[in-house]
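Me: I have not looked at this structure before. Please take me through it in questions and answers.

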Amino acid sequence: MNDRISADRSNRPILSLHVPEPPFRPGDEPDFSGMVIPSGGIDAEARCCSTAADTHPLALQLVRVLDEEHRAVGPVGPEARSRHLRKMLRDMATVRIFDDRMYRAQRQGKTSFYMKCTGEEAIAVAAAAACDFEDMHFPTYRQQACSSRAGYPMLKMMFRSIQCGDPLHGRQLPIMYSDKEHGFFSISGNLATQYPQAVGWAMASAIRGDSRNRRRLGPAKAQVRRAIPRRADVRPPSTTRRSSSPSSTISGRSRAFSASPAPSARPLPQRADRLWHRRLRDDGNDALCGHAATRWAPTGRAQPRPDLIEYFSYRAEAIPPRRSDRLPPAARRSMAVGDPSSAEAALFRVASGTMSATAMQSEISRVRKLQKAGGELRRPAGQGFDRIGSMFEDVFDIRPGILGAAGTAGEAREFLGHDVE
Amino acid sequence: MSTRNMIQAINDGMRCAMEKDDTIVVAGEDVGYFGGVFRATHGLQQQFGKTRVFDTPISENGIIGAAIGMAAYGLKPVVEIQFADYIYPGYDQIVSEAARMRYRTAGEWTMPMVIRTPYGGGIYGGQTHSQSPESLFTHVSGLRTVIPSNPYDAKGLLIAAIEDPDPVVFSKPKRIY
C-alpha cells in the first residue's frame with residue numbers, strides 16, 4: 001500500500017517544515033544594514049493621516065525625532081521640549097536609580113524577581129509624560145516609569161518590591177505593581193492578555209460618557225510589552241475595538257536583540273496591516289518620539305490616531321544577568337538607531353538647551369535623594385509566605401465563611417512543620 | 001400568577017436588573033438588534049439603548065477580555081457566550097484574569113461581571129453545540145458557577161449573579177429553554 005502511494009506521488013515535491021530563525025543570535029555580530037533608518041524629525045504628514053492605509057509608510061520605517069547627534073528636529077520636538085521635557089528627564093534619571101537599587105536588592109536576596117528596564121526606559125518615560133493622570137495604563141513589567149506619571153512614590157515601590165508594607169501581600173510577583181489611584185492596572189504578565197481589557201475599559205468610558213473620553217488623550221493605554229505581540233494576540237481586541245471605536249491605544253515592544261524572542265523580519269505594524277489599525281513604528285530609544293506618538297492618540301474616528309504603536313528597542317541588561325542576554329557594549333554602538341543606554345544622555349542634551357542650569361541641578365538633586373533613601377532597604381522579619389493567617393487579608397470586606405477565620409500560629413506550624421513568626 | 005418559560009425568565013431577570021442599575025450593560029454576539037439567538041435579550045436594546053445592549057464581534061476572547069475592562073472601570077457587564085462550547089477561547093481571561101483579580105490585587109479591583117451561556121445536549125447540536133464545560137469552572141477559585149433548573153430560579157439567580165461583586169458563570173441547560 002505504502003509503496004503504491006510512494007510510487008504514485010514520486011513526481012510531487014517533498015514537503016518540508018519551515019522553522020523561522022532570527023537573522024542573528026546573542027553572540028553574533030548584529031547586522032542592521034537591511035533596516036531603513038530615516039533621519040530625525042517626524043514627517044509632518046504623519047499627523048494628518050486619517051485612515052489606516054495612510055499610516056502604512058509609518059509602519060515600515062522607524063519614526064524618529066532625534067537625529068544621530070541627539071538633536072531634536074522636526075515639527076514635534078518643540079512641543080515636548082516646552083511642556084514635558086523636565087518630567088521626562090527626571091523620570092529617566094529616577095528609573096535608572098530605581099533599577100540600580102532594585103538590581104542590587106535582588107542580588108542580595110531581598111526580593112525574588114526584578115526586571116530591569118535598562119535600554120527600554122525611554123518608552124515608559126515618554127508614555128508617562130504624555131498621558132493624562134486620568135488615563136488608565138494596562139502595562140506589563142519593565143514599565144516602572146509609568147507609575148511615576150501621577151506621582152507614585154518610587155520609594156514605596158521599592159519597599160513593595162521587597163514585600164515590606166506590600167499592599168498586595170506578596171500575591172503578585174514583586175515587579176507586578178498595581179495601583180488604581182495612579183492609573184496602573186494590575187499586571188497579568190508580559191503577555192497580550194490585557195489588550196482586550198484595555199479596550200473594554202475604553203468602551204466603558206465611552207458608554208458612561210466620561211469626560212476623559214473627550215480629552216485629546218484616550219483613556220486607556222494598553223502597553224503590553226510582549227516582546228513581539230503576535231498577530232493572533234492582537235486580533236481579538238482589534239476586532240472588538242474596531243466595532244465600537246473606543247479611544248484606546250495598543251502598543252507593543254519589539255526587541256532588536258534578545259536571547260529568547262526571535263527578532264521579526266517584519267515590523268508588527270506591518271504584520272497587522274489587515275487589522276485596520278492606524279499604525280506607527282517608533283524608535284523606542286527616542287523619548288521625544290515616544291512622547292509625540294502617545295500624544296497622537298486623540299478621541300474620535302475623525303482624528304489621526306496611531307492605534308498600534310510598536311517601539312523598536314532592545315534590552316541592554318537583564319536579570320538574572322545572563323551574559324548571553326545582553327548586547328555587548330561594542331555591539332550596542334553598532335545598533336542601527338544608536339545605543340539605547342544613551343537615551344538619558346540624549347534627553348540631557350536636549351534639556352540643556354531649554355532649561356536653566358539651576359533647574360537642571362534641582363532635578364538631579366531630587367533624584368539623588370531617592371538614591372540615598374533606597375540604600376536603606378531592609379526586609380523586616382515576620383513578612384513573607386510564612387504568615388498563613390494573612391492569606392486572605394484585605395481580599396474581602398467580609399470574609400466568606402467557607403474560608404474560615406484567620407489561621408492560628410498552631411495551624412501554621414502544623415502545616416509548615418516549623419514555627420512561624 | 002404569570003407563567004414564564006426559561007428564556008422569558010432570563011429576559012425578565014436582565015430587564016429588572018437593568019431598570020434598577022444603569023451600570024449594567026449586556027453584550028455578546030447578536031444580543032442587540034436580533035435579541036440573541038435564543039431570544040434571551042429580546043427587546044432589551046429597544047428599551048435600554050444601543051450603548052447598554054450591543055453586539056460584539058465573533059471573538060469570545062475579546063468579549064470576555066473587554067468585559068473585564070468594563071468591570072474594572074465600574075460597569076457590570078452581562079456578556080453572552082452564544083454556546084458554552086464557544087467559551088474556550090476566553091477561558092484564560094475567565095480563569096487567569098477575572099477570577100484572580102480580587103485576590104491578586106488584595107481587593108483593590110473586583111470583577112462584577114456575569115458570563116451567561118447555554119450548555120448541554122439534547123437539541124441535536126452535535127459535538128460543537130452540546131458540551132457541558134461547567135465543571136471546568138466550578139474548580140476555579142474566585143469564580144462562582146451557577147445553573148438554574150427552572151424559570152423561577154433562573155430569574156432570581158440571574159439577578160443575584162448580576163448583583164454579585166465577583167465574576168459569575170451563569171450556565172443554563174438549553175434543553176429546557
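**Surface, sheet and patch**

The accessible surface of chain A is about 18,800 Å², and carbon and sulfur atoms hold 51% of that. This is a predicted model.

Me: What share of the residues in chain A is buried?
Reply: Chain A has 421 residues. A residue counts as buried when its relative accessible area is under 20%. The buried share of chain A is 52%.

Me: Which strands stand at the edges of the open sheet in chain B?
Reply: The sheet has six strands in the order S2-S1-S3-S4-S6-S5, with parallel pairing. A strand with a single partner has one side left without a neighbour in the sheet, so the edges belong to S2 (53–55) and S5 (144–146) of chain B.

Me: Which residue of S6(B) does B:Arg144 stand opposite?
Reply: S5(B) pairs with strand S6 (residues 168–173) of chain B in the parallel sense, over three bridges. In S6(B), the residue opposite B:Arg144 is B:Val168.

Me: What angle does the direction of helix H3 of chain B make with that of S3(B)?
Reply: Helix H3 (residues 60–73) packs on the sheet of chain B, where it touches S1, S2, S3 and S4. Its direction and that of S3(B) make an angle of about 170°.

Me: Is B:Tyr33 buried or exposed?
Reply: B:Tyr33 lies in the loop between S1 and helix H2 (44–48) of chain B. With B:Phe34 and B:Val37, B:Tyr33 makes a nonpolar surface patch of about 340 Å². The cut-off for exposed is over 50%. Because its relative accessibility is 71%, B:Tyr33 counts as exposed.

Terms used: Residues are numbered from 1 along each chain as its sequence is written. Chains are lettered from A and ligands numbered from 1 in the order in which they are written. This is a predicted model: local features need pLDDT of at least 70, side-chain atom pairs count only at pLDDT 80 or more; totals for chains, interfaces and linings use all residues. Side-chain values use heavy atoms; hydrogens and water are left out. Two strands pair if DSSP finds at least two bridges between them. Helices (H or I, at least four residues) and strands (E, at least two) are DSSP runs, numbered from the N terminus. Contact means heavy atoms within 4.5 Å. Axes are lines fitted to C-alpha atoms, for helices over the stretch in contact, and angles run from 0 to 180 degrees between N-to-C directions. Patches are made of residues with over 30% relative accessible area and no salt bridge: like charges are joined within 9 Å, nonpolar side chains (Val, Leu, Ile, Met, Phe, Trp, Tyr) within 5 Å. Accessible areas come from the Shrake-Rupley method with a 1.4 Å probe; for residues, only the protein chains shown count as cover. A salt bridge is a side-chain nitrogen of Lys or Arg within 4 Å of a carboxyl oxygen of Asp or Glu. Buried means under 20% relative accessible area, exposed over 50%, partly exposed in between (1.4 Å probe, protein chains only).
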